[in-house]
Amino acid sequence: MEEKMAAHEQVVNKAREAFLSGKTRDVEFRRKQLKALKRMYEENETAFCTALAKDLNKPRQESVLLELNLLKDDLTHILSRLDDWTQPEKTPPNLVTIFDKPVIYHDPFGVVLIIGAWNYPVQLSLLPLSGAIAAGNCVIIKPSEVSPATAEIIADLIPKYLDNECFHVFPGGIPETTELLKQRFDYIFYTGSTQVGKIVREAANKHLTPTTLELGGKSPVFIDDTVDMDIAVRRILWGKCINVGQTCIAPDYVLCSKGVQLRFVEKAQEVLKEWYSNDPSSSPDLCRIVSDKHFDRLAEYLNDGRAVVGGDVNKEDKWISPTILVDVSPKSKVMSEEIFGPILPIVNVDSPYDAIRFINEREKPLTLYIFSEQKSVQKLLLSCTTSGSCCVNDTVVHLSVHDLPFGGVGNSGMGAYHGKASYDSFTHRKSCLIRNYNKIADFIGKKRYPPYSEKNTKFLSKMLQEHSFPSLKYLPYLITFGLGVASVFAVQEIAKAVGADED
Amino acid sequence: MVVVERAREAYASGRTRSLEFRRHQLMQLRKMYTDNSNTLLKALVSDLRKPMQEAMAMEVNEVLQDTTYILNRLDKWVKRQAVSSPIPFDKSYIYSEPYGVVLVMGSWNYPLHITMIPFAGALAAGNVVIIKPSEVSPATSSVLAKLIPQYLDEECYQVVCGGVSETTQLLQQRFDYIFYTGSTAVGKIVRDAANRFLTPTTLELGGKSPCYIDHTVDMDLAVRRVLWGKLINLGQTCIAPDYVLCSEDVQEQFVKKAKAALHEWYGDDPQKSPDLARIVSERHVKRLESYLECGTVAVGGRCDRSDLWVEPTLLVDVAKDSAIMQEEIFGPILPFINVKTHAEAIAFINKRSERPLALYVFSREEEVMEAFVQQVSCGGITLNDTIFHFGNKELPFGGVGGSGMGSYHGRYTFDTFTHKKACLARTYNPIIEKVLRARFPPYTEGKMKVMTSHRDRGEGRGLLHHLALLTTHLLALALGALLYYHLYMD
């Protein structure tokens, strides 16, 4: 234990020294690391897929599409914009700062800790990494011990592709993580449960370390009768069945009328048969529950309603079939905890207003799903509830839109990432006002000094007064417009002059 | 707690979601300031014997301007932001949603400004707000407690006055956001309490803000700018220049010029000048007195506990590890630490355990300014002056590490108090659906190829974006040309 403890301090010290050396400040260095990271995914696809299959029985299609491709595309997005993003931001000029230069610089925080989760063990440990690197930080990655094969391959590959002093993988379980969290980090990015999120933030608070917490909750799905039920059912079941429901933004439960429920269940039976045949446990396209503990938890939920589809379990295989539960009480266990499995309970509501009331009585979800073709219903649900994010007429795919920040609110988390939001999470924006010794500017500035007088105060207040100036944003276009005018004028004059010569 | 329950009910009523409601409240707030500026001034002066002009310029005028700034822009800020969607016919938006019930905890040194600027932003963002002004500035707190219910919606915006026990009780309640300004020690306590409910926080804390001066500057201007930053509110400003790093030569020049400047500003006996505030309490006077032992007094050095008075003081021959160099001074004592080069200064700053809230660099050399900006992590910087970055509404103001987390001012206040909700709206378009069906089981290599080739690789902005920009410019050019031709050449 003595030796292991030293290892925690060691790894953080190493990362801190690497950060202080300044090498991650260089944008070219960051670019090189990001390119190497991309190659890591490209060159080791099979190895990653094998590890994911071992940990979760994840089918190759899911490993490639929902883990590796997302990681590669995120890197492409970042690499093509890195130069833009790392530029200091200029702010619009105004009357007061006419002699000054206000700029916002981007500083990395320093040593960042990323704690990954087991359900998308590659994506959730390494997607934040690209943002952290892009922002110039040194990083320690703590992959989840609940997905050990993936943790091992990450620990094996990262040192082969990335700078060994700046980027470290520190695998381990609860005791190792607890010790690691006692160290001082400059930013902590955690993905996982609400409960552990609180523990992480509490530990972070000893050093006033800012955090992004990507947590969970029950993501509701509201469906009304205006939808194309065939497409809607497929999209919802897909969101529920990938990773056999172990997705933080899986549609957790359905809110709909009895009529919609009947049509939904009928379609679902059809679709599930089409996808997984009559014996879904033999389909190669479904994962398994990650552990016995989670299996037991899920098996118990089956007592909270009537299974109109599925309901089959196999403890040895950690198998639970895609299940739809009806006649579920809102107070039951399956309706109180995040399901994180292939069980979809349906709760009946008579109207979108009832759905809104139901949702608002609970903790704020990570995502809200609205299946309706009526713009008024979409708008109503969007504006009367709050959630980390929202997707209308589909599930899960919103996380692949680079420009949409992905994160929770309330119990479902704080902070966001993906695309630029990743870069922003790991960047401290340092404001800088550049003044000079310009005597004219100082003429105004001098009025602030004692001895104070009402006259000076009034003068300064007038200078600093908020005016409604037209935005200078369109100035370039006005100039081009002016150039257009000027060019015709010039041509005309030249023509005249030439004509005059000829006369 | 009744106050929080009332706030929650008010939020649930939905009225703060309306833009019109918020605008009306902001206009009422502005009216509150204009109708009661004298009352507010009196209270500010009473709490800290703040000079009338400082109270006017840095508190009353500031909060008034802020409401105008917000009102001029709120319509734009509340709009949802459209972002690009990879799949045709999809629409992606980012909505700015209020968090709900917000707690704003003020501080005593600029009791109006520091409490009300976050408050106005939280209001503008659509939250209901509970304000807990500092009990260490009781006159201002009680004026706020009296006036706010007279002008604003009484249930949506409440003021809770009180000391440590009331604050502790308040912090046991559940809030959706907590904004705290004050000391690092209490900041940790606030965040711990917030963590019970996973409440996000912005903490505006403090620290020792270093001030580096080299010999290339216009010393007359530099000395006045540093002294001004140090002496407003008698040094009780979170971004006051805490200590100076300079060579012995610069120190000599500075002290000489400072003597002249101080005399010009405050006369022979600064204690008699109406333009200097007072220290907030005797405890702090004692603390500041003890710092005088950490070096040699070059200017000033007199204290008067009964008047809560500490004279503007320059302290030289200060040991790097002395008491005055351990804590944030928060008073009118300016210690000097001698360094030979700017690199030495940077190393000194970076070796310290906490990152400063502000950094000041006085130099005319690009290389020197650049070195500090690149190598020192801090909340914010003003080059060749002090305090000013705080006043620029386009610059986010906040700390990093021990000096805090989060930022505000201008639009950043609104952003602090809104949750950015991402929304993707898809359609049932059959053509698109045909392609995207490839994501459904049974999985095949063929389907995977389709999904792989149709994904958004994120290359985006390159050629198309620049082409679009060029086209708009060409159109403007053409329009100008066409118009002129039509008007003058026919």
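Predicted model: local features only at pLDDT ≥ 70, side-chain atom pairs only at ≥ 80, totals over all residues.
Residues are numbered from 1 along each chain as its sequence is written, and chains are lettered from A, with ligands numbered from 1, in the order in which they are written.

**View 1. Chain B as a whole.** Chain B comprises 17 helices and 18 strands, where helices (H or I, at least four residues) and strands (E, at least two) are DSSP runs numbered from the N terminus. Its C-alpha atoms fill a box of roughly 85 × 65 × 55 Å along the principal axes. Of the 490 residues in chain B, 60% are buried; buried stands for under 20% relative accessible area, exposed for over 50%, and partly exposed for values in between, with a 1.4 Å probe and protein chains only. Among contacts in chain B between residues at least 6 apart in sequence, 71% join residues at least 24 apart, a contact being heavy atoms within 4.5 Å.

**View 2. The interface of chain B and chain A.** Here 124 residues of chain B are in contact with 119 residues of chain A, and the two chains bury about 10200 Å² between them, 55% of it on carbon and sulfur atoms. Buried area is the accessible area (1.4 Å probe) that two parts lose on being put together, summed over both. On the chain B side, B:Leu198, B:Tyr428 and B:Tyr443 lose the most area to chain A, together 9% of what that side buries.

View 3. The rule finds 13 salt bridges between chain B and chain A, each a side-chain nitrogen of Lys or Arg within 4 Å of a carboxyl oxygen of Asp or Glu. One of them joins the side chains of A:Lys439 and B:Asp218 at 3.0 Å, N to O. Between chain B and chain A, 64 residue pairs are in polar contact, both residues at pLDDT 80 or more; a polar contact is a pair of N or O atoms within 3.5 Å, where within protein one must be able to donate a hydrogen and the other to accept it, and residues adjacent in sequence count only if both atoms are side-chain atoms. Helix α17 (residues 463-488) of chain B gives the most to the side of chain B that touches chain A, with 12 residues.

View 4. An open sheet of 10 strands with mixed pairing runs in the order β1(A)-β2(A)-β18(A)-β16(B)-β15(B)-β8(B)-β9(B)-β14(B)-β13(B)-β10(B), with two strands taken to pair if DSSP finds at least two bridges between them. Because β1 (89-90) of chain A and β10 (296-299) of chain B each have a single partner strand, they stand at the edges, and one side of each is left without a neighbour in the sheet. Two bridges join β1(A) to the antiparallel strand β2 (residues 101-108) of chain A, and A:Glu89 stands opposite A:Ile104 in β2(A).

**View 5. The loop holding B:Asn384 and B:Asp385.** B:Asp385 is found in the loop between β16 (380-383) and β17 (404-405) of chain B, and B:Asn384 also belongs to the loop between β16 and β17. B:Asp385 counts as buried at 0% relative accessibility, and a polar contact of 2.7 Å joins its side chain to that of A:Arg435. Not counting residues up to four places away in sequence, B:Asp385 touches A:Arg435, A:Arg448, B:Arg225, B:Tyr360 and B:Phe362. Most residues other than glycine have a negative phi, and most peptide bonds are trans. B:Asn384, although not a glycine, has a positive phi of about 65°, and at 2% relative accessibility B:Asn384 counts as buried.

**View 6. B:Pro51 and its surroundings.** B:Pro51 lies in the loop between α3 (37-48) and α4 (52-77) of chain B and is buried, with a relative accessible area of 2%. Its C-alpha atom is separated by 5.1 Å from that of B:Asp275, 224 residues apart along the chain. Leaving aside neighbours within four places in sequence, B:Pro51 is in contact with A:Tyr452, B:Pro274, B:Asp275, B:Leu276 and B:Ala277.

**View 7. Cis peptide bonds.** In chain A, a cis peptide bond joins A:Pro450 and A:Pro451, with omega about -5°, and A:Pro451 is placed in the loop between α15 (439-445) and α16 (454-463). In chain B, a cis peptide bond joins B:Pro441 and B:Pro442, with omega about -10°, and B:Pro442 is placed in the loop between α15 (430-436) and α16 (445-453).

How values were computed: Heavy atoms only, no water.
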